[in-house]
Amino acid sequence: MSLFGALNISGSGIDAAQTWIDTTAGNIANANDVTTTSSDAYQEQTPVFVPAASLPDGTGAGVAVAGVQLGSVAGLVESDPQSVLADAQGLVRVPDVSISHELVNLVQAQNDYQANTAALERAKTAYQAALTLGS
Amino acid sequence: MDQILGVLQFAVDGLSQRQQVVADNLANTDTPGFTAQQVNFESSLQQALASPDGGQATVTVTASPDAPGSDGNNVDTGAQLIDAEQTTLQYQTMVEMLNAQYRLIQGAAGGSFQ
């Protein structure tokens, strides 16, 4: 067990939540992208969380982002004859991103961030108490 | 006096490990398939103190028996946050008691009881 170990663990949780907030922001920003039917749509990004390699004493070492999972490259094909990107049939390609799904993720990511910050704060208080030993 | 110091030190170690495990559980609230861990040392300490020939107390880390949700994760964020708060307060209490013991020892060794 490393000295002040809980701080690093909570830090990994904050990092993971931050990654989730970042990818969600990217998804929302690109939700209304439009491309031609011959090119790829913006792919929804979802971070994949895995437990970090555990410490020698068997206790967990926090969380890690194993990678970013990409959504459908085909997206959705919509009819929008007015668009300058429309093909001969008046079709365009848009990303398969659900705004409501993204907003739910955003709330969850924010909760995760706050929970890890709370744990960090409590650990700090405990460690500060330990520093008063013998004084 | 020695026994009190030993018990307090053991409790501080156990609480420190619980703090770390709670932090790990909270870091993994959205990791699919993650099973929460829990730290127990109180019952082992109680047994050791109750045994006439002085047993050995141990800190054990076990998997939480809570039922997992749809993603296979069984971390109860609310319960973990309460645990974090409680562990910190207990930790501070133990440190305070250790300091009180040290002051007693210092006084007995010729220092001042302050």
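**Note on the predicted two-chain model**

1. Read along its sequence, chain A follows the pattern α-β-β-β-β-α, which amounts to two helices and four strands (DSSP runs numbered from the N terminus, with H or I over at least four residues for helices and E over at least two for strands). The model is predicted, so that local features need pLDDT of at least 70 and side-chain atom pairs count only at pLDDT 80 or more, while totals for chains, interfaces and linings use all residues. Residues are numbered from 1 along each chain as its sequence is written, chains are lettered from A in the order in which they are written, and side-chain values use heavy atoms, with hydrogens and water left out.

2. Chain A has a radius of gyration of 22 Å, whereas a compact globule of 135 residues would have one near 14 Å (taken over C-alpha atoms, the globule rule being 2.2 Å times the number of residues to the power 0.38). Along the principal axes, the C-alpha atoms of chain A fill a box of roughly 80 × 25 × 15 Å. Of the 135 residues of chain A, 32% count as buried (under 20% relative accessible area, with exposed over 50% and partly exposed in between, for a 1.4 Å probe and protein chains only).

3. The contact between the chains takes 35 residues from chain A and 28 residues from chain B (heavy atoms within 4.5 Å). About 2,400 Å² is buried between chain A and chain B, and carbon and sulfur atoms give 61% of that area (the accessible area, with a 1.4 Å probe, that two parts lose on being put together, summed over both). The count between the chains is one salt bridge, and the side chains of A:Arg122 and B:Glu85 meet in a salt bridge at 2.6 Å, N to O (a side-chain nitrogen of Lys or Arg within 4 Å of a carboxyl oxygen of Asp or Glu).

4. The largest nonpolar core has 18 residues, and those with the most contacts inside it are B:Phe41, B:Tyr91 and B:Met94 (buried Ala, Val, Leu, Ile, Met, Phe, Trp, Tyr and Cys residues joined through side-chain atoms within 4.5 Å). Helix 2 (99-130) of chain A and helices 1 (2-27), 2 (42-50) and 3 (77-108) of chain B each supply at least two residues of this core, the largest share, seven residues, coming from helix 1 of chain B. Leaving aside residues up to four places away in sequence, B:Met94 touches B:Leu8, B:Ala11, B:Val12 and B:Leu15. A second, separate core of eleven residues includes A:Phe49, A:Ala123, A:Tyr127 and B:Ala23.

5. A:Asn105, in helix 2 of chain A, is buried, with a relative accessible area of 11%. A:Asn105 touches A:Trp20 and A:Thr24, not counting residues up to four places away in sequence.
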